[in-house]
Amino acid sequence: MINLDDAAAFVRICETENLTRAAQLSQVSPSTLSRSLNRLEDELQVKLCARDQKGIALTAAGRRFRDFAYKWLDEYQTMVTDLKVSENSLLGSVKLYCSVSASYIFIPRLLSELRLDHPQIEVNLETGDPANALDILQADGIDFVIAALPDKLPPEILAVPLVTFPLVLIAPKAPVQPLPGLSGNQVDLARTPFILAEHGQLRYEVDAWLKSQQLKPHIYAEVAGHEAIVSLCALGFGVAVAPKLVVELSPFKNDVTILQAPHLPDFRLALCCLQSRAHEPILQACIKVAQKSAPTFSAELTRRRPLPL
């Protein structure tokens with residue numbers, strides 16, 4: 001007989017397509033998760049997935065069982081909620097602010113884990129310029145933000161690190177008109193039009209990098225939003241420094257090329273809330289979910305399929 005734990009473990013395998021990351025989310029060892037998968041396959045007498053060095057690929061039977069498991073677990077959680085089996089169940093909602101790119105990468109995982117642990121907590125999502133995230137956290141009605149961490153975090157903010165990834169220098173693959181100072185993979189930043197973030201942590205990091213390299217670029221534009229930086233670059237208006245994760249998620253990713261750029265810093269993203277509110281039960285629940293999920297996040301997540309909500 002199939003049990004709920006094995007079905008939930010299989011859902012996480014489907015989401016991550018990686019046994020190690022799925023084991024981290026399930027808080028068990030990879031060998032324990034592997035045995036769970038074997039039990040399912042023995043019970044169903046079919047092969048649910050194929051495993052190799054690149055990860056896990058579902059078979060046709062695996063895809064069918066995945067759809068069943070999603071529906072089964074969802075109905076179970078609905079039943080638990082309706083029966084109100086626990087008088088201590090957390091009820092309420094949280095509001096989270098992040099960039100569009102962050103909503104693709106982090107939100108499906110965080111929401112699915114939060115739903116498993118606390119099905120009665122509702123999450124409201126607002127997207128916008130990530131440069132404003134830490135400032136918006138001070139505004140009424142925002143409980144969490146996903147933000148880039150500065151070198152020195154303000155003492156009033158609590159941060160749960162999610163992922164660290166590099167910044168990259170990008171150029172258009174095929175500009176409509178030749179860009180001065182750009183030839184193949186070689187760029188002269190003193191001549192080539194440069195697109196900068198208008199403000200925020202990305203602007204701070206790029207300014208510091210330019211100063212360290214003793215570069216004074218020809219600034220073409222200062223724009224809000226990391227996605228817009230990639231778009232302008234792809235359209236041929238100039239070169240830019242952008243988070244690699246944003247580049248990989250952009251619909252223009254195939255229209256830009258990454259150039260060699262020494263000593264570009266890493267970008268650290270975290271789930272942040274106010275220290276003064278971190279004791280609140282619902283916020284504590286969200287923090288614990290983020291802490292549990294954080295080890296599974298990496299740049300590889302840009303290639304995964306989001307978990308249906």
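**Cavities, a pocket and a helix contact**

The second largest cavity is lined by Val-94, Leu-96, Leu-110, Leu-111, Leu-114, Val-123, Phe-144, Leu-271, Cys-286, Val-289 and Ala-290. The structure is a predicted model, in which local features need pLDDT of at least 70 and side-chain atom pairs count only at pLDDT 80 or more, while totals for chains, interfaces and linings use all residues. Residues are numbered from 1 along each chain as its sequence is written, and side-chain values use heavy atoms, with hydrogens and water left out.

A cavity is a set of points, on a 1 Å grid over the protein atoms alone, where a 1.4 Å probe fits but cannot get out; a pocket is an open set with protein on both sides within 12 Å along at least five of seven lines, and lining residues have an atom within 4 Å of a point. The second largest cavity holds about 100 Å³ of space, a volume being the space filled by probe spheres set on the grid points, which are joined across faces, edges and corners. Its lining has 11 nonpolar, no polar and no charged residues, where Ala, Val, Leu, Ile, Met, Phe, Trp, Tyr, Cys and Pro count as nonpolar, Asp, Glu, Lys and Arg as charged, and the others, Gly among them, as polar.

The largest cavity has a volume of about 130 Å³, and of the 15 residues that line it, Ser-99, Ala-102, His-226, Val-246 and Leu-269 are the closest to its centre. By class, the lining of the largest cavity comprises 12 nonpolar, three polar and no charged residues.

The largest pocket contains about 310 Å³ of space and is lined by 19 residues, with Leu-4, Asp-5, Ala-8, Ala-9 and Arg-12 nearest its centre. Nine nonpolar, five polar and five charged residues make up the lining of the largest pocket, and its largest share, six residues, comes from α1; helices (H or I, at least four residues) and strands (E, at least two) are DSSP runs, numbered from the N terminus.

Helix α1 (residues 4-16) also packs with helix α3 (residues 30-44), at an angle of about 110° and with the axes 9 Å apart. The two helices are therefore roughly perpendicular, a term for angles of 65 to 115 degrees. On the α1 side, the contact (heavy atoms within 4.5 Å) is made by Asp-6, Ala-9, Phe-10 and Ile-13, and on the α3 side by Leu-33, Ser-36, Leu-37, Arg-39 and Leu-40. These residues divide into six nonpolar, one polar and two charged.

Definitions and conventions
Axes fitted to C-alpha atoms, helices over the stretch in contact; angles between N-to-C directions. Parallel < 35°, antiparallel > 145°, perpendicular 65-115°, else oblique.
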